[in-house]
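Please keep the sequence and the coordinates in view while reading.

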Amino acid sequence: MNDKVKRLFDEVAQEYDKQRRQLIPCFDDFYGIAVSLVEAKGPSPAILDLGAGTGLLTAFVAAKVPDARFTLIDFSASMLDQARRRFEGSPGTFRYVEGDYSSCAFEEKFEFIVSSLSIHHLTHEAKRSLFARVHGALKDGGVFVNADQVAGESPYYDRLYRARWDASIESSGLERAAIEASRERRKQDINAKAGDQVAWLKEAGFREADCVFRYFDFAVFHAVKGGDGRE
């Protein structure tokens, strides 16, 4: 990910969580469906959060699986500082890694790998490469859940999605500076079509993969690594 994206997220770290509900029109379904797909079958599952930021997605998952062992990785030190404060004194185990998950090594195997509103910052080739690395970092039967932004099937739909989002944030009650900062961050987006991402997940080796929820350009993907002898 580029330095400008990192700087933009460093700048908004302290206000990030407060603004999420106003910036994501489908906030409850978007995060709720993603968390519902983290179905632990045993005690203390290992869960990796890619681009964890302030730990918002991890917090929702931790409320459901409080004994999980979490690894949060993000390239913004300011964001991870917010996550550390969030989970201080919480049950479960939390490890923080400052770095670029698109290139760093995953040192263990996980039952779940999750991500929210992060992977769309990667180039398409980097997305495909990451999906293969995610597959390799999961245990057999492991699950990847990615709640992210997606592109429309044509420029017409991209314009429609952006117009709907613009209208939503204009009526959200956010201060003008926060609205403009969010628009500036979205200039760095490299959204990919939902169908392409499902194809890339299957290409990476996932036995099952689908886009299980979508609200305009917000989507949740679910993919399962073969646990029945098939890869």
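Helix H3 (residues 27-36) and helix H4 (residues 56-64) have axes that come within 10 Å and cross at roughly 55°. This angle makes H3 oblique to H4, since angles under 35 degrees count as roughly parallel, over 145 as roughly antiparallel, 65 to 115 as roughly perpendicular and the rest as oblique. Axes here are lines fitted to C-alpha atoms, for helices over the stretch in contact, and angles run from 0 to 180 degrees between N-to-C directions. Helices (H or I, at least four residues) and strands (E, at least two) are DSSP runs, numbered from the N terminus.

The model is a predicted one, in which local features need pLDDT of at least 70 and side-chain atom pairs count only at pLDDT 80 or more, while totals for chains, interfaces and linings use all residues. Residues are numbered from 1 along each chain as its sequence is written, and side-chain values use heavy atoms, with hydrogens and water left out.

The crossing of H3 and H4 is right-handed, that is, the near helix is turned clockwise from the far one by less than a right angle. On the H3 side the contact (heavy atoms within 4.5 Å) involves Phe27, Tyr31, Val35 and Ser36, and on the H4 side Leu56, Leu57, Phe60, Val61 and Lys64.

Attention now turns to the sheet. It is open and contains 7 strands in the order S3-S2-S1-S4-S5-S7-S6, with mixed pairing; two strands pair if DSSP finds at least two bridges between them. Strand S3 (93-98) and strand S6 (208-215) form the edges, each pairing on one side only. Strand S1 (residues 46-50) and strand S4 (residues 110-116) run parallel and are joined by 4 bridges. Leu48 stands opposite Ile113 in S4. H3 packs on the sheet, where it touches S4, strand S5 (138-149), S6 and strand S7 (218-224), and its direction makes about 5° with that of S7. H4 lies across S1, strand S2 (69-74), S3 and S4, and runs at about 170° to S2.

Most residues other than glycine have a negative phi. Leu117, although not a glycine, has a positive phi of about 50°. Leu117 lies in the loop between S4 and helix H6 (124-137) and is buried (under 20% relative accessible area, 1.4 Å probe, protein chains only), with a value of 8%. Phe216, in the loop between S6 and S7, likewise has a positive phi, near 55°. Phe216 is partly exposed, at 26% relative accessible area, a class that lies between buried and exposed (over 50%).
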